[in-house]
Amino acid sequence: MSEKHGFEDLRNRYKDVLSKAFTTNNIDLLDSFSKNINETDRKAAMDQAYRDKLLELLIEEPNTLENFVSFCIESCRRQMVTPTMPVVLLGDIFDALTLNKCEKMFSYVENGVNIWKEELFFVACKNNLLRMCNDLLRRLSRSQNTVFCGRILLFLAKFFPFSERSGLNIVSEFNLENVTEFGGDNSSTLKDALDEEMVLENDEKSKLNIDYNLYCRFWSLQDFFRNPNTCYNKIQWKTFVAHSGSVLSAFSSYKLEAVELQKSKLNRLKTMDIDVEMQESKEQHYFAKFLTNQKLLELQLSDSNFRRCVLIQFLILFQYLISTVKFKMESQELKSDQLEWVKETSSLVYKLLGETPPHGKQFAECVKHILKREEHWNSWKNDGCPEFQKPKPPVQGDPSDEIKKSRKRRRPVGDIIKEYESQKKSYMGNNELTKLWNLCPDNLAACRTKERDFMPSLESYMVCESETETARRTSCGGWGWRALRLLARRSPHFFVHTNNPIGRLPDYLNAMVDRVTREVAATAAANANGESSKHNDKAIKQDNEEEITEEQMEVDLIKEGDANDIEQVPDSTHAVEDDYDKTTRSRVTTISSSQMEALCSKLTDWKKLGSKLGYKPDEIQFFETENATDPLRAKNMLTLWFDDDEDASVENLLYILEGLKMTEACEALKNAK
């Protein structure tokens with residue numbers, strides 16, 4: 001009890017000093033009063049004193065609220081209160097004020113966006129600010145308080161960085177709970193009454209019948225708009241095409257002439273010298289409401305704003321269907337006839353938008369520009385939502401450019417094989433093997449030719465004149481393959497038992513080149529000292545002539561191979577350097593055994609993760625049949641993914657798990673070492 005009374009006494013003293021300091025705008029008075037007290041107790045008492053003082057200001061002096069929050073911000077900078085206190089005060093203010101006063105007070109929050117971005121406030125206050133804005137949005141009506149809602153969303157966009165995960169739909173999920181209910185009573189009496197009443201006279205020559213069937217087709221389209229993935233189903237696609245044709249046909253048949261009549265009235269007012277600008281300025285822009293009463297469809301077809309909303313929904317749906325989205329399944333792809341229908345229907349929709357007054361053509365161009373801009377955001381999202389950074393000017397000969405080129409996504413092997421088969425050639429998965437396999441239609445006959453019946457000496461093939469030439473040769477896959485065959489035939493050092501395993505092939509070849517070079521140098525020194533006889537000199541001379549002949553034959557064969565080389569398909573093969581680069585990168589981003597065990601033990605829905613990683617249903621079934629338990633199945637799947645996928649890394653796996661909301665698996669992977 002004594003501690004409680006002591007805290008209340010301290011809070012009351014702080015409140016009195018705070019009142020004096022705020023009234024006189026003298027923050028030094030508050031700072032000097034709180035220096036002799038423990039920091040934890042001081043901040044707790046000061047926080048409560050600020051909230052108590054705010055209650056008094058809300059009743060007595062509501063015009064000083066902004067100054068009071070600014071006073072609290074300065075107290076935070078002097079370490080007198082916790083950094084979250086200004087946002088807590090703003091939340092209390094918005095809870096106590098009416099919506100009209102909240103809209104005025106929110107200007108203070110907007111103007112102080114740079115303050116909230118400061119290091120002192122950003123980390124501590126970002127969640128509180130987000131919660132405060134969401135509470136405001138729940139109180140507001142999207143149709144009545146549209147401007148205020150937009151201001152709140154714009155503030156959040158300015159405050160949070162683009163890569164902030166709380167504002168991103170990472171795995172491209174749709175709001176499937178947004179169900180549009182319609183046609184509550186579909187009895188014959190209602191349909192008959194609807195068929196009798198809903199007849200619109202468009203011209204004296206033609207009439208448009210709006211029956212119950214059109215009404216149902218019109219509102220059933222909302223199911224496709226809220227979940228575009230249903231369009232990839234064959235039966236659902238046919239339903240969507242039929243309903244879209246009926247609705248767009250109704251739009252095409254029924255022109256919005258009522259608006260044109262209003263324009264003619266305005267033109268008559270101009271002839272009467274009436275200030276038309278005053279009339280036009282009083283026009284209220286509004287957003288169409290989706291009311292599904294059966295008898296309102298006639299009025300909705302006459303509403304230009306409502307029609308524009310529906311037509312834009314079509315365009316957004318079409319853009320999603322034909323765009324490349326990272327989290328789409330392989331089966332979610334339109335066929336050629338479906339793509340042609342989407343193209344034709346898009347042209348019709350843009351035509352209808354251009355015919356919808358007012359300023360139809362300008363509005364259609366604006367929509368086209370916005371959707372084009374949306375494609376760039378979609379590409380950014382497919383790349384994992386990287387942070388925006390100012391690009392650096394390119395440097396001539398920058399090696400990073402080559403690394404970026406080598407990291408581009410590889411084409412599927414099946415597509416490469418089909419492309420080679422169309423040229424009546426074979427693809428072997430490697431540049432050198434592909435070239436060798438396609439030199440001659442009959443490979444066995446090519447192997448039996450006399451030109452290939454030779455073998456160069458070890459010294460003439462391995463010895464290099466400089467270290468640069470050695471590095472260039474050992475990094476070449478074709479040269480390394482020939483060098484290994486030659487070492488196996490003529491080197492006594494190839495089949496030697498050793499406890500030191502070979503790390504990388506270029507390192508091993510460099511070591512062998514150095515060894516052969518040293519042996520050649522030693523032999524040459526011995527010959528210079530006269531240790532060899534004349535008979536040996538003659539034999540060496542003869543051997544050198546044979547080696548030169550053999551080497552010349554090899555050079556001629558290589559030149560002939562280059563002359564008959566096949567035309568390489570762009571992006572179809574990958575150099576060995578790329579493979580080594582991938583190996584180096586995989587060491588940095590590979591997953592350890594402890595991380596794998598911890599992740600698999602917490603990975604309950606491994607099938608869902610497998611589909612996101614790109615595995616087909618038959619592959620997932622293979623993992624399930626080959627392993628007894630779910631952890632073993634997940635381990636088998638992830639092991640293959642890390643071995644085969646170029647983009648496989650712990651960072652990308654965490655990104656995917658976070659998008660799938662697998663929180664336990666994420667934490668297990670992060671905490672494991």
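The lining of the second largest pocket divides into 27 nonpolar, 15 polar and seven charged residues. For those classes, Ala, Val, Leu, Ile, Met, Phe, Trp, Tyr, Cys and Pro count as nonpolar, Asp, Glu, Lys and Arg as charged, and the others, Gly among them, as polar. Before we go on, please keep in mind that this is a predicted model, where local features need pLDDT of at least 70, side-chain atom pairs count only at pLDDT 80 or more, and totals for chains, interfaces and linings use all residues. Residues are numbered from 1 along each chain as its sequence is written, and side-chain values use heavy atoms, with hydrogens and water left out.

Back to our pocket. The volume of the second largest pocket is about 1600 Å³. Of the 49 residues that line this pocket, Gly167, Asn169, Glu173, Glu374 and Lys381 are the closest to its centre. Helices H8 (119–139), H9, H11 (212–226), H16 and H18 each give two or more residues to the lining. Which helix gives the largest share of that lining? That is H18, with eleven residues. By the way, helices here are DSSP runs of H or I with at least four residues, strands are runs of E with at least two, and both are numbered from the N terminus.

On a 1 Å grid over the protein atoms alone, a pocket is an open set of points with protein on both sides within 12 Å along at least five of seven lines, while a cavity is a set where a 1.4 Å probe fits but cannot get out; lining residues have an atom within 4 Å of a point. Grid points are joined across faces, edges and corners, and a volume is the space filled by probe spheres set on the points.

Now for the cavity. The structure holds one cavity of 30 Å³ or more, and the space in the largest cavity is about 30 Å³. Its lining is made of Leu214, Phe218, Val247, Ala250, Phe251, Leu297 and Leu301. By class, that gives seven nonpolar, no polar and no charged residues. H12 provides the largest share, three residues.

Let's visit Ser172 next. You will find Ser172 in the loop between H9 (146–159) and H10 (188–197). Is Ser172 buried or exposed? Ser172 is buried, at a relative accessible area of 18%; buried means under 20%, exposed over 50%, and partly exposed in between, using a 1.4 Å probe and protein chains only. Apart from neighbours within four places in sequence, Ser172 is in contact (heavy atoms within 4.5 Å) with Val325, Phe327 and Lys381.

Some backbone details to finish. Most residues other than glycine have a negative phi, and most peptide bonds are trans. With that in mind, look at the loop between H17 (336–355) and H18 (360–382), where Pro358 sits. A cis peptide bond joins Pro357 and Pro358, with omega about -5°. His359 is in the loop between H17 and H18 too, and its phi is positive, near 55°. His359 counts as exposed, at 57% relative accessibility. Gln79 also has a positive phi, near 60°. Gln79 belongs to the loop between H4 (65–77) and H5 (85–96), and at 40% relative accessibility Gln79 counts as partly exposed.
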